[in-house]
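Thank you all for making the time this morning.

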Amino acid sequence: MNLQKLRQEWLSNVRGDLLAGIVVALALIPEAIAFSIIAGLDPKVGLYASFCIAVVISITGGRPGMISAATGAMALLMVTLVKEHGLQYLLAATLLTGVLQILAGALRLGNLMRFVSRSVVTGFVNALAILIFLAQLPELTNVTWVVYAMVAAGLAIIYLFPYLTKAVPSPLICIVVLTGISMALKLDVRTVGDMGQL
C-alpha cells in the first residue's frame with residue numbers, strides 16, 4: 001500500500017472523523033455499561049471490551065463510517081450463557097463469534113443475506129429495540145420528574161437541533177448540554193457511576 005493511499009484513507013476527513021469519534025465515545029460509555037448489566041456482567045467488562053473493539057476495528061476495519069461496539073443483540077443472547085456457565089465461557093463464545101465472522105467474510109457469505117426477507121430483518125431489529133427498551137425501563141421508573149424533563153430535553157435536542165445546523169452532530173450537543181446542565185445544577189439524576197463500581 002503506498003503512502004498516498006494511506007494518507008487518503010486516514011487523513012481525508014479529519015474533522016468529521018474527530019466529531020464522529022467523540023460522539024461514539026461519549027455514547028459508547030453508557031451503552032457498554034447498560035449492555036453489561038443486561039448480560040449480568042460487571043460494568044467494567046463492557047467498558048474494557050468496547051474500548052478494545054473500537055481500537056482494533058479503527059486499525060483493521062475496512063469500511064468508512066462503520067461503528068463496531070457492544071451490541072444489544074449479543075448482550076441479550078449472552079445473558080443465559082453467563083448465568084449458567086460463568087464469565088469464562090463468555091470470552092470463548094465471543095472469540096468463536098469473531099472466528100465465524102471472519103470465515104463468513106472470507107467465504108463471502110454476506111451475499112446470502114439477499115435471501116433473508118426484509119420483514120424478517122425488520123422484525124429482528126424491532127424485537128431487539130423492544131427488548132433493549134424494556135431492559136432500560138427500570139431507569140425510568142421510581143425516579144424524580146427531573147429525569148423525565150432531561151429525557152424530553154434530550155429528544156428535543158436530538159431531533160430539533162439539525163434544523164439549526166448540521167455542522168455538529170445533534171447527539172454530541174445533547175450529551176454535552178445535558179451533562180453540563182446536570183453538573184451545574186447538581187440535578188438528582190442517576191449517572192453512569194451509579195450503575196456499578198468503576
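Let me begin with a definition: a residue is called buried when its relative accessible area is under 20%, exposed when that area is over 50%, and partly exposed in between, with a 1.4 Å probe and protein chains only. On that scale, buried residues make up 19% of the 198 residues in the protein chain. Please keep in mind that this is a predicted model, in which local features need pLDDT of at least 70 and side-chain atom pairs count only at pLDDT 80 or more, while totals for chains, interfaces and linings use all residues. Residues are numbered from 1 along each chain as its sequence is written, and side-chain values use heavy atoms, with hydrogens and water left out.

Now to the overall layout. Helices and strands are DSSP runs numbered from the N terminus, where a helix is H or I with at least four residues and a strand is E with at least two. The protein chain has eight helices and zero strands. If we take contact to mean heavy atoms within 4.5 Å, then among the contacts with a separation of 6 or more, 58% come from residues 24 or more positions apart.

Let us turn to a pair of helices. Helix 7, residues 145-160, and helix 8, residues 170-185, pack at an angle of about 150 degrees, with their axes 8 Å apart. The axes are lines fitted to C-alpha atoms, for helices over the stretch in contact, and the angles run from 0 to 180 degrees between N-to-C directions. Angles under 35 degrees count as roughly parallel, over 145 as roughly antiparallel, 65 to 115 as roughly perpendicular and the rest as oblique, and helix 7 and helix 8 are therefore roughly antiparallel to each other. On the helix 7 side the contact is made by Met 150, Ala 153, Gly 154, Ile 157 and Ile 158, while helix 8 brings residues including Ser 170, Cys 174 and Leu 178.

Ser 170, in helix 8, is buried, with a relative accessible area of 10%. Not counting residues up to four places away in sequence, Ser 170 touches Ile 157, Ile 158, Phe 161 and Pro 162.

What does the largest nonpolar core consist of? A nonpolar core is a set of buried Ala, Val, Leu, Ile, Met, Phe, Trp, Tyr and Cys residues joined through side-chain atoms within 4.5 Å, and the largest has eight residues: Val 146, Val 147, Met 150, Ile 157, Phe 161, Cys 174, Leu 178 and Val 189. Helix 7 gives the most to this core, with four residues. Leaving aside its neighbours within four places in sequence, Met 150 is in contact with Leu 178, Ser 182, Leu 187 and Val 189.

Helix 8 has another partner to show you. Helix 2, residues 14-38, packs with helix 8 at an angle of about 50 degrees, with the axes 9 Å apart, and that makes helix 2 oblique to helix 8. Here Leu 19, Ile 22, Val 23, Leu 26 and Ala 27 in helix 2 meet Pro 171, Leu 172 and Ile 175 in helix 8.

Val 143 is found between helix 6 (118-136) and helix 7, and at 25% relative accessibility Val 143 counts as partly exposed. The C-alpha atoms of Val 143 and Asp 188 are separated by 9.0 Å, although these residues are 45 residues apart along the chain.
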